[in-house]
Amino acid sequence: MALATHFTFPLNNVVSEGSRGRGSFVRKLVRAVASGDSVAPATSEDSKVRLGGSDLKVTKLGIGVWSWGDNSYWNDFEWDDKKLKAAKGAFDISLDNGIDFFDTAEVYGSKFSLGAISSETLLGRFIRERKKRYPGAEISVATKFAALPWRLGRESVITALKDSLSRLELSSVDLYQLHWPGLWGNEGYLDGLGDAVEQGLVKAVGVSNYSEKRLRDAYERLKKRGIPLASNQVNYSLIYRAPEQTGVKDACDELGVTLIAYSPIAQGALTGKYTPENPPSGPRGRIYTREFLTKLQPLLNRIKQIGENYSKTPTQVALNWLVAQGNVIPIPGAKNAEQAKEFAGAIGWSLTDNEVSELRSLASVIKPVIGFPVEYL
């Protein structure tokens, strides 16, 4: 059956469309089935939000691909065909479940991070393979510029971006971000972001790991060129709330800059998977220690209880808590199809205000782990 083989889509996406949208969708479906073409799973416009003041719309939850190709922090220091197939499964299942926003960086899996294969290269390959099957597939890509000490001036941003585009095999990306503040200043880098927009190489620009002051400076510098600062990507989770304490979250809300939350489930610590008897492997085990996980158990137990009331997992509750803060897009890292499918179930429903407050209160007694130091520069 060609239809059964090639056509799968979330039913709720069709139901949520207006009558005109349903008619258009059905007409496309009929034409595709009649011609024997594959039909990509649909993503409802209702599941997307505008990124800051830009024209770019992305899904309310994205997928981080830091672990793809990495063998220095993730994957137990090895990368093989099995992990490659698992990453491809994460990519496809994300799209099948309506999540089409993927965040990578030039340093993920690259020689700079002692990785095995560039995450950008893998993402580009997966996109190409997907579009062969579904030519009309819409996929939003975000990547980042590494502010390495020897990179100076606006030209370095354009050069790095073009290298990223080559690895991704794309002519442009949706969001280009400065991965961390520059050692020698950021004015040239910000000018490079503006140049990238004006050259049509990106749709929107953002920063990452920027403090409140740096965020405001970046916003104002780009504003002078009529370019909105779309986002600030920072470490943010139920147990790591530095963006609230440093004024970054309030500044994002005030300026209309979307906060993209990386490590939103604390690198797995909030999933319930790890216990004092079973801590994470690799470098994460030195961060989320047995002692820390022991103190975390009361919060994890309550997250699990709340999740059971919604038929949701602890992971989905932790991600939904972030969405409930408003103006936040979590980007959990998906290493396989099972994780990707679970992440998709974190949106489309809401915790109550009382549950959000209760979880915040329980988490407040837990001393957070050390974050990325540059965010305080």
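**Aromatic pairs and helix packing**

Trp66, Tyr73, Trp74 and Tyr108 form one aromatic cluster. The model is predicted, with local features requiring pLDDT of at least 70 and side-chain atom pairs pLDDT 80 or more, while totals for chains, interfaces and linings use all residues. Residues are numbered from 1 along each chain as its sequence is written, and side-chain values use heavy atoms, without hydrogens and water.

Ten aromatic pairs occur in the structure. Tryptophan 66 and tryptophan 74 make an edge-to-face pair, because their ring centres are 5.3 Å apart and their planes stand at 90 degrees. Rings of Phe, Tyr and Trp (its six-membered ring) pair if their centres lie within 6.5 Å; planes under 30 degrees apart are stacked, over 60 edge-to-face and the rest tilted. Tryptophan 66 has 30% relative accessibility and is partly exposed. Tryptophan 74, at 10%, is buried. Buried means under 20% relative accessible area, exposed over 50% and partly exposed in between (1.4 Å probe, protein chains only).

Tryptophan 68 pairs edge-to-face with phenylalanine 126, at 5.4 Å centre to centre and 65 degrees between the planes. Tryptophan 68 lies in the loop between strand S3 (63–64) and helix H4 (81–96), and phenylalanine 126 in helix H5 (residues 119–133), so the pair ties together parts 58 residues apart in sequence. Helices (H or I, at least four residues) and strands (E, at least two) are DSSP runs, numbered from the N terminus. Tryptophan 68 is buried, with a relative accessible area of 1%. Phenylalanine 126 is also buried, at 2%.

H4 and H5 pack at an angle of about 55 degrees, and their axes are 11 Å apart. H4 is therefore oblique to H5. Axes are lines fitted to C-alpha atoms, for helices over the stretch in contact; angles run from 0 to 180 degrees between N-to-C directions. Angles under 35 degrees are roughly parallel, over 145 roughly antiparallel, 65 to 115 roughly perpendicular and the rest oblique. Phe126 is among the H5 residues that meet H4, where the contact residues include Leu84 and Phe91. Contact means heavy atoms within 4.5 Å. Ala, Val, Leu, Ile, Met, Phe, Trp, Tyr, Cys and Pro count as nonpolar; Asp, Glu, Lys and Arg as charged; the others, Gly among them, as polar.

The axes of helix H6 (residues 154–168) and helix H7 (residues 187–198) come within 7 Å and cross at roughly 50 degrees. H6 is thus oblique to H7. The contact includes Arg154 and Leu161 of H6 and Tyr189 and Asp195 of H7. Its residues comprise six nonpolar, three polar and three charged.
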